[in-house]
Amino acid sequence: NLAVGNNVITVKSYAKSGKVMTYTINVNRASAPVPDPEPVTEPATEPETETETETEPVKNTTVTIDGKEYVISKTFPEDEIPDGYKDGTLDISGDTIGTAASDVTGLTLVYLTDADDKGAIYIYDKDTKNFEKYITFKSGKNVYVYLDASHASEKPEGMAETECEIQGSKVKVYTPDKDSEFVYFYAVNSKGERIWYVYDTVEKTIQR
């Protein structure tokens, strides 16, 4: 049963490989047409006018990140919600968007898809209205969510900004010199602490 206006329908597709894809379909139902007036035996004193009701097409909420356009999914796929996060909603650009949020990390996550329908989780900053890719590193039982250095009150002094691949993800880091085997990145850990970490590029270890 479709209500008048926008109806959000979620469909899940299960591949043989076990991968689950979630598709969101927006169905916009127009108002019922205005019925024709009943015939009258006497001429009307004033001519009746008919008005046509048009409904605006559904517009996807889009965002541009690093020159690439993404669509913000109105629903957050349940199978993509990280451990420790709960589903919720948030108003973004006048649209209600499904989110995943954590009271511990203080992060709000949204789900974006690109032109090729490839989805990914992004961190949404409600204050700056910025988006950044949700990247996690694991060391034993510890999980670190990578954060851009703009979240830090202070940056490492005397260090240069560069890029480094950590556990398969290329991120922005800081290094004392180009030949250093140690680099620094900012993250929030499983306890909600936001601090700088050092990454050993040789032994592939993470330390406070």
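Visitor: Where does Val198 lie?

Guide: Val198 is in strand β15, which covers residues 194-200. Keep in mind that this is a predicted model.

Visitor: Is Val198 buried or exposed?

Guide: Buried. Its relative accessible area is 15%, and the cut-off for buried is under 20%.

Visitor: What is Val198 in contact with, leaving aside its neighbours within four places in sequence?

Guide: Two runs of residues. One is Phe182, Val183 and Tyr184; the other is Thr205, Ile206, Gln207 and Arg208.

Visitor: How many Å separate the C-alpha atoms of Val198 and Phe182?

Guide: 6.5 Å, though the two residues are 16 apart along the chain.

Visitor: New topic. Which residues make the nonpolar surface patch?

Guide: Leu2, Ile9, Val11, Tyr23 and Ile25. The patch is about 390 Å². Strands β1 (5-14) and β2 (20-29) are the elements that give it two or more residues.

Visitor: Take Val11. Which strand is it in, and what is its relative accessible area?

Guide: Val11 belongs to β1. Its relative accessible area is 38%, so Val11 counts as partly exposed.

Visitor: Now β7. How many of its residues are buried?

Guide: Six of six, across residues 108-113. That is why β7 is described as largely enclosed by the rest of the structure.

Visitor: Which way do the β7 residues point?

Guide: Thr108, Val110 and Leu112 point one way. Leu109, Tyr111 and Thr113 point the other way, and all are buried. In a regular strand, side chains alternate between the two faces of the sheet.

Visitor: What about β7 and β8: how many bridges, and in which sense do they pair?

Guide: Five bridges, antiparallel, with β8 spanning residues 119-125. Thr113 stands opposite Gly119 in β8. The two strands form a hairpin with five residues between them, where Asp117 has a positive phi near 65°.

Visitor: And how many bridges join β6 to β7?

Guide: Two, and those strands also run antiparallel; β6 is residues 95-101. Ala100 stands opposite Leu109 in β7. This is a hairpin too, with six residues between the strands. In its turn, Gly106 has a positive phi of about 75°.

Visitor: Last one. How does β4 pair with β7?

Guide: In the antiparallel sense, over two bridges, with β4 at residues 68-72. There, Val71 stands opposite Thr113.

Methods:
Residues are numbered from 1 along each chain as its sequence is written. This is a predicted model: local features need pLDDT of at least 70, side-chain atom pairs count only at pLDDT 80 or more; totals for chains, interfaces and linings use all residues. Side-chain values use heavy atoms; hydrogens and water are left out. Helices (H or I, at least four residues) and strands (E, at least two) are DSSP runs, numbered from the N terminus. Buried means under 20% relative accessible area, exposed over 50%, partly exposed in between (1.4 Å probe, protein chains only). Contact means heavy atoms within 4.5 Å. Patches are made of residues with over 30% relative accessible area and no salt bridge: like charges are joined within 9 Å, nonpolar side chains (Val, Leu, Ile, Met, Phe, Trp, Tyr) within 5 Å. Accessible areas come from the Shrake-Rupley method with a 1.4 Å probe; for residues, only the protein chains shown count as cover. A salt bridge is a side-chain nitrogen of Lys or Arg within 4 Å of a carboxyl oxygen of Asp or Glu. Two strands pair if DSSP finds at least two bridges between them.
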